[in-house]
Amino acid sequence: MTKGNKVALSSLGAGDRVVAFYRGAADQKAIQATSLVVRTKADLALIADKEREDWQKRGTSGTVAAIDPAAKTLTIKAGQRSVAIEPSEKAEFLRYAPDSAKFSDAKPGSFAEIKVGDQVRVLGDRSGDGAGIKAEKIVSGTFRQLAATITSVNTAAGEIVIKDLATKKTVTVRVVPDTAMKKLPETTATMLARRYGPVAG
C-alpha cells in the first residue's frame with residue numbers, strides 16, 4: 001500500500017476492483033472504510049492482456065497421458081509430442097468449472113485432482129529440447145467428446161440436436177457466446193469419417 005498513489009473518490013467507476021479495510025463486524029451492510037486499495041477497470045484489462053500474451057508465448061495445451069504421484073509430475077500429449085511437466089514449488093493449480101470451459105471461471109485445484117485423459121493448459125518455460133516444461137500454472141479439466149451427426153438446428157434458441165455415433169442416442173447441445181466453433185480441414189474430416197464409419201439411418 002505504501003507504493004500506491006492516492007486517488008479521489010470521484011475517479012472511481014463501475015467495474016473497478018477494490019479491497020476495503022474497515023473496523024467492525026464482518027456482516028455489516030454499511031461499513032466505514034479506513035482505506036481502499038483500488039485496481040481500476042483499465043488496470044485490470046491491461047493485466048488481462050499481459051497474461052493473455054504470456055499464455056500465447058509460454059503456454060502449452062494437451063491431454064494428460066501419464067501421472068507420477070510420487071514425483072508429482074505429468075506427461076501430456078501435445079499434438080504428436082509427449083511433454084514432461086514438472087510443477088515448480090510455487091505452481092498454481094486450477095480446475096475448470098463443471099459447467100464452463102472458460103479460463104476465467106476456473107477454480108483453485110490441486111495436483112491430486114488431475115486425471116489421465118484430462119485436458120490441461122500449462123504455463124511455464126520449456127527446456128532447451130522442448131521435451132519438458134517447468135510449470136508455473138496448470139489448469140486442468142475433464143471434458144467429454146462426442147462424435148455425432150446433426151439432426152436439427154434451432155438458431156433462435158442456440159441449440160443443436162445431435163445423434164451420438166457411439167450410443168445412437170439424441171443429445172441437445174447448447175451454443176453460448178463463448179462457444180468456439182471451427183470447421184475441420186477436409187483431410188481431418190475424412191480421417192474422422194473413416195474412424196467412425198458410416199452412420200446408419
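A nonpolar core, as the term is used here, is a set of buried Ala, Val, Leu, Ile, Met, Phe, Trp, Tyr and Cys residues joined through side-chain atoms within 4.5 Å. Keep in mind that you're looking at a predicted model. The largest such core has 15 residues, and the ones touching the most other members are I85, I114, V122 and I138. Strand 4 (73-78), strand 5 (81-95), strand 7 (119-126) and strand 8 (132-141) each give two or more residues to this core, with strand 5 supplying the largest share, four residues. There's also a second, separate core of six residues, with W55, Y96, L123 and V139 among them.

Let's zoom in on I114. Leaving aside residues up to four places away in sequence, I114 touches V64, I67, L74, F93, R95, I138 and S140. Is S140 buried or exposed? Its relative accessible area is 1%, under the 20% cut-off, so S140 counts as buried. The side chain of S140 also makes a polar contact with the side chain of R95, at 2.8 Å. Beyond its close sequence neighbours, S140 touches L94, R95, Y96, I114, D118, Q119 and V120.

Now for the open space. The largest pocket holds about 2,400 Å³. Its lining takes in 49 residues, and R144, Q145, L146, T179 and A180 are the closest to its centre. Several elements give two or more residues to that lining, including strand 3 (59-68), strand 9 (148-154) and helix 2 (186-196). Helix 2 provides the largest share, five residues. Sorted by class, the lining has 26 nonpolar, twelve polar and eleven charged residues.

Key
Residues are numbered from 1 along each chain as its sequence is written. This is a predicted model: local features need pLDDT of at least 70, side-chain atom pairs count only at pLDDT 80 or more; totals for chains, interfaces and linings use all residues. Side-chain values use heavy atoms; hydrogens and water are left out. Buried means under 20% relative accessible area, exposed over 50%, partly exposed in between (1.4 Å probe, protein chains only). Contact means heavy atoms within 4.5 Å. A polar contact is a pair of N or O atoms within 3.5 Å; within protein, one must be able to donate a hydrogen and the other to accept it, and residues adjacent in sequence count only if both atoms are side-chain atoms. On a 1 Å grid over the protein atoms alone, a cavity is a set of points where a 1.4 Å probe fits but cannot get out, and a pocket is an open set with protein on both sides within 12 Å along at least five of seven lines; lining residues have an atom within 4 Å of a point. Grid points are joined across faces, edges and corners, and a volume is the space filled by probe spheres set on the points. Ala, Val, Leu, Ile, Met, Phe, Trp, Tyr, Cys and Pro count as nonpolar, Asp, Glu, Lys and Arg as charged, and the others, Gly among them, as polar.
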